[in-house]
Amino acid sequence: MSKKNTYDFAIIGAGIVGLSTALHLQRQNKNVLVLEKENKPGLHQSGRNSGVIHSGIYYRPNSSKSELSIRGRNLLIEYLNEKGINYRQEGKVVVDNDLEKLENLQSRSKELEMHGVDIVQDDDLLSIEPNSVIKKGLFVPQAGVVDYGEVVRTYAGEFIELGGEIQYIEEIIEIENAHNAKKIKSKNNSFSCEFLINCAGLFSDEIARMDGMSPNVRIIPFRGEYYKIRNTKNSILNNMIYPLADPDLPFLGIHLTKTANGDIEAGPNAVLAFSKEGYKWTDINFVDLTKVLTYPGMIKLGKKYLKTGLSEMYRSLNKKVFVKEIQKLINGVSSEDIIQIPSGVRAQAVDEEGNLLDDFLFEEGSSSLHVLNSPSPAATASLAIGESIASKILN
Ligand SMILES: Cc1cc2nc3c(=O)[nH]c(=O)nc-3n(C[C@H](O)[C@H](O)[C@H](O)COP(=O)(O)OP(=O)(O)OC[C@H]3O[C@@H](n4cnc5c(N)ncnc54)[C@H](O)[C@@H]3O)c2cc1C
């Protein structure tokens, strides 16, 4: 395909959010360019996650996270069926010994009009997950699993088929507001568009600043590490066991997931990464780290969650402690049964007061829209997020 000089829309980031947005705009016959710094789509958060199709039960009713995740889940299931992408939707159990807390979560499901969410105890729970350690739980039938890497590649394929353009290995380093147009520059090229959409995940705050915005948040990278349980033990879990999440934190806690391909994965924890793409302890970028550690919001956050942060780090460095966390959820797993697999890094917006932003955050600039917080369940919600961005811009 011949490259054009100017586009109606340029989207920075070929992750699941950028590509869903691109797809929705392209379906309206717009002239859309996606710019991605890597050589393939979905190499960061969108290809390094738990692969869970979230039910939406945790999110505050009427928040954009709640609305977009429930609509997004329905759109995603339709899309997976239409494209023949492998997935399972057999539900999860959220376990806790405090029945009252589980009942509160069940009431939330009623507010959200989610059907079939039931308290399960003892034999009922064991008939769903025979190896669960905790015998009180909430069964949530809407949850499922899929390989989001495959979903991203399918969005990209459909976008291109419809006439869209993706240019890889183009890291955007400068944005200029020229007369009636935006000039977006990478090291070697310059692109012109009428409207810019920033879906740069871990770098979305930096892209917003390049566009002259002063967002009240910074993206702080939190690594999520995973272990895989030996395949010979694949029968110990049917679907998913989750602990009840801490309502003060946007992370759901280490859980067990039988992935779309049948492997069992345990994780993710949440450890401060020393680089925006710090997938290992040894990935250290002193510029990124200095920015994080000197950010007033991070200093306040550190004071609030010092103990939690340190215990996450200790568990990350100590396999035995990680195993103990798994053993709190499921019987039949020992240290020899687990091997570490690649981690993911969450792009989590933190405001200047030290709050971890829970809801999705979109900010408008001049002829631009910036996705400044799209953490989990943004993969589940991706089609609804793309739909909503496209309709906002086109209207
Ligand atoms: C450990 C972990 C577990 C998760 N589990 C789940 C789950 O089970 N279910 C769920 O629904 N969600 C889950 N999520 C959340 C979900 O994966 C993310 O919310 C979603 O992938 C965000 O997509 P994105 O497109 O915004 O970001 P990304 O996938 O990170 O895409 C951003 C893209 O922008 C590109 N980019 C950045 N800067 C530039 C630049 N300057 N120039 C050009 N390109 C640039 C990057 O290379 C990247 O490809 C999880 C996330 C993590 C990290």
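Which residues line the largest cavity? Hi everyone, let's start there, and please keep in mind that this is a predicted model. The lining is made up of Asp205, Glu206, Arg209, Arg218, Ile219, Ile220, Lys276, Asp288, Lys291 and Val292. Helix H6 (204-210), strand S13 (217-229) and helix H7 (286-293) are the elements that each give two or more residues to that lining. If you sort the lining by class, you get seven charged residues, three nonpolar and no polar. The volume of this cavity is about 70 Å³, and the count of cavities of 30 Å³ or more comes to three.

Lysine 276 lies over the face of phenylalanine 203, with 5.5 Å to the ring centre. There is another lysine to look at: lysine 92 has its charged end over the ring of tyrosine 242, 4.3 Å from the centre.

Now for rings meeting rings. The count of aromatic pairs is four. Take phenylalanine 274 and tryptophan 281: their planes are at 80 degrees and their centres 5.6 Å apart, so this pair is edge-to-face.

Last stop, a hairpin. Strands S10 (residues 172-178) and S11 (residues 181-186) run antiparallel and are joined by six bridges. Within that pairing, glutamate 174 stands opposite lysine 185 in S11. Two residues lie between the strands, and in the turn asparagine 180 has a positive phi of about 60 degrees.

Methods: Residues are numbered from 1 along each chain as its sequence is written. This is a predicted model: local features need pLDDT of at least 70, side-chain atom pairs count only at pLDDT 80 or more; totals for chains, interfaces and linings use all residues. Side-chain values use heavy atoms; hydrogens and water are left out. Two strands pair if DSSP finds at least two bridges between them. Helices (H or I, at least four residues) and strands (E, at least two) are DSSP runs, numbered from the N terminus. On a 1 Å grid over the protein atoms alone, a cavity is a set of points where a 1.4 Å probe fits but cannot get out, and a pocket is an open set with protein on both sides within 12 Å along at least five of seven lines; lining residues have an atom within 4 Å of a point. Grid points are joined across faces, edges and corners, and a volume is the space filled by probe spheres set on the points. Ala, Val, Leu, Ile, Met, Phe, Trp, Tyr, Cys and Pro count as nonpolar, Asp, Glu, Lys and Arg as charged, and the others, Gly among them, as polar. Rings of Phe, Tyr and Trp (its six-membered ring) pair if their centres lie within 6.5 Å; planes under 30 degrees apart count as stacked, over 60 as edge-to-face and the rest as tilted. A charge sits over a ring if NZ of Lys or CZ of Arg is within 6 Å of the ring centre and within 35 degrees of the ring normal.
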